[in-house]
Amino acid sequence: ILKDIFSDGVLWYKVDTANPMDILLSIAQVFGENISPIQDIETRASVVRSLLAHKKVLLILDNVEHDTNVRVLLPNSSSSVIITSKHKHISLDSQYESISLDTFTHQEVVDLFTRILSQSYVIKNRESILELSNKVGDLPLALHLYAKQLIATKQTPKVLLQYIEKSKTTLHELSYEDKNLYVSIDISFQSLDTKTKNVFLSLAIFAGGDFSFEAIKAINKINTNETFLILRKLINASLLEQSTKIQKEFFHVLPQ
């Protein structure tokens, strides 16, 4: 649908792990311009704005931090920009509409667990599931991790709650601004076997960027079947997802 609305393309960048100079270079390359010789960021930004002046583009700037130089990435055109951030207030010179994503209601929690597990499972464990949700402040990402954890380990929410209670990280640290999701991420990580943990840790070499199936095989010296099984385990644990690149063999680590 978005491709039909934005005829010149939908461009998505993780600005927390990419340099603004590199993002500008990438945008220019999409439209056939090589601006690599331009080393001044303001000049490079000006060239990109000129390229986008008559384009119908949706530019998605994902996971913006307070210190991100968003200004140089904003076009002066009819193109649209979506900025995602865990921070409520980002300094922008341009006019924008702020859309807050609220935490889940009880019904949304039930719907999520029903979709991932089953209706009968949720009916049987509803009270424990809602208690689990309350423990993490009804945060969608944490709840998604826990639901995947329950289906992978086939344990009950009560057992998971007991594990959380023993966690060294204080659950009261789970506030919306700069959310601390380490408890849910750590539980998903600790449930992995040693080989899968080692492969997951090896992904740090990509610094949050996309990586290929073949790259994982090479750096971990494992065969195709084992690579596939390990990546599938990481996807099932919600620690990994397929990239938005056209090539289906590309993946990236979820924000942590």
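## A loop residue and its surroundings

Guide: N63 is placed in the loop between β2 (58-62) and β3 (80-83). The model is a predicted one.

Visitor: Is N63 buried or exposed?

Guide: Buried means under 20% relative accessible area. The relative accessible area of N63 is 15%, so N63 is buried.

Visitor: What is the phi of N63?

Guide: Most residues other than glycine have a negative phi. N63 is a residue other than glycine with a positive value, and its phi is near 60°.

Visitor: Strand β2 also holds L59. With which residues is L59 in contact, leaving aside its neighbours within four places in sequence?

Guide: L59 counts as buried, at 3% relative accessibility. Its C-alpha lies 8.6 Å from that of L74, a residue 15 positions apart in sequence. Beyond four places in sequence, the contacts of L59 are L11, Y13, I27, L73, P75, S80, V81 and I82.

Visitor: How confident is the predictor in the protein, as an average pLDDT?

Guide: pLDDT is the predictor's confidence in each residue, from 0 to 100. In this protein 86% of the residues score at least 70, and the average pLDDT is 82.

Visitor: How many aromatic pairs does a search of the whole structure find?

Guide: The search covers the whole structure and finds 1 aromatic pair. The rings are those of F189 and F200, with planes at 45° and centres 5.9 Å apart, so the pair is tilted. The count asked for is 1.

Visitor: Which parts does the pair of F189 and F200 tie together?

Guide: F189 is buried at 16% relative accessibility, and F200 is buried with a relative accessible area of 10%. The two parts are 11 residues apart in sequence. Because F189 lies in α8 (residues 182-190) and F200 in α9 (residues 194-202), the pair ties together helix α8 and helix α9.

Visitor: Which residue has its charged end over the ring of F189?

Guide: The charged end is 5.5 Å from the centre of the F189 ring. The residue is K197.

Visitor: Where do the buried residues of α10 fall, seen down the axis of the helix?

Guide: Helix α10 (residues 213-220) has the buried residues F213, I216, K217 and N220. Seen down the axis, these buried residues fall within an arc of 100°, so they line one face of the helix.

Visitor: Just after α10, which residue takes a positive phi?

Guide: The residue is in the loop between α10 and α11 (224-236). At 74% relative accessibility, K221 counts as exposed. The positive phi, about 55°, belongs to K221.

Visitor: How far apart are the C-alpha atoms of Q107 and L130?

Guide: Q107 is in helix α4 (residues 106-116) and is partly exposed, with a relative accessible area of 46%. Along the chain, Q107 and L130 are 23 residues apart. Their C-alpha atoms are separated by 9.6 Å.

Visitor: With which residues is L117 in contact, its neighbours within four places in sequence left aside?

Guide: L117 lies in the loop between α4 and α5 (119-135) and is buried, with a relative accessible area of 18%. A147 is 30 residues from L117 in sequence, yet the C-alpha atoms are 7.3 Å apart. Beyond four places in sequence, the contacts of L117 are A147, L150 and I151.

Visitor: For the whole protein, what share of the residues is buried?

Guide: The secondary structure comes to 11 helices and 6 strands. The protein exposes about 14900 Å², and carbon and sulfur atoms supply 52% of that area. Of the 256 residues, the buried share is 41%.

Visitor: What share of the contacts with a separation of 6 or more comes from residues 24 or more positions apart?

Guide: Contact means heavy atoms within 4.5 Å. Among contacts with a separation of 6 or more, residues 24 or more positions apart account for 54%.

Technical notes: Residues are numbered from 1 along each chain as its sequence is written. This is a predicted model: local features need pLDDT of at least 70, side-chain atom pairs count only at pLDDT 80 or more; totals for chains, interfaces and linings use all residues. Side-chain values use heavy atoms; hydrogens and water are left out. Buried means under 20% relative accessible area, exposed over 50%, partly exposed in between (1.4 Å probe, protein chains only). Helices (H or I, at least four residues) and strands (E, at least two) are DSSP runs, numbered from the N terminus. The arc is that of the directions from the helix axis to the C-beta atoms. Rings of Phe, Tyr and Trp (its six-membered ring) pair if their centres lie within 6.5 Å; planes under 30 degrees apart count as stacked, over 60 as edge-to-face and the rest as tilted. A charge sits over a ring if NZ of Lys or CZ of Arg is within 6 Å of the ring centre and within 35 degrees of the ring normal. Accessible areas come from the Shrake-Rupley method with a 1.4 Å probe; for residues, only the protein chains shown count as cover.
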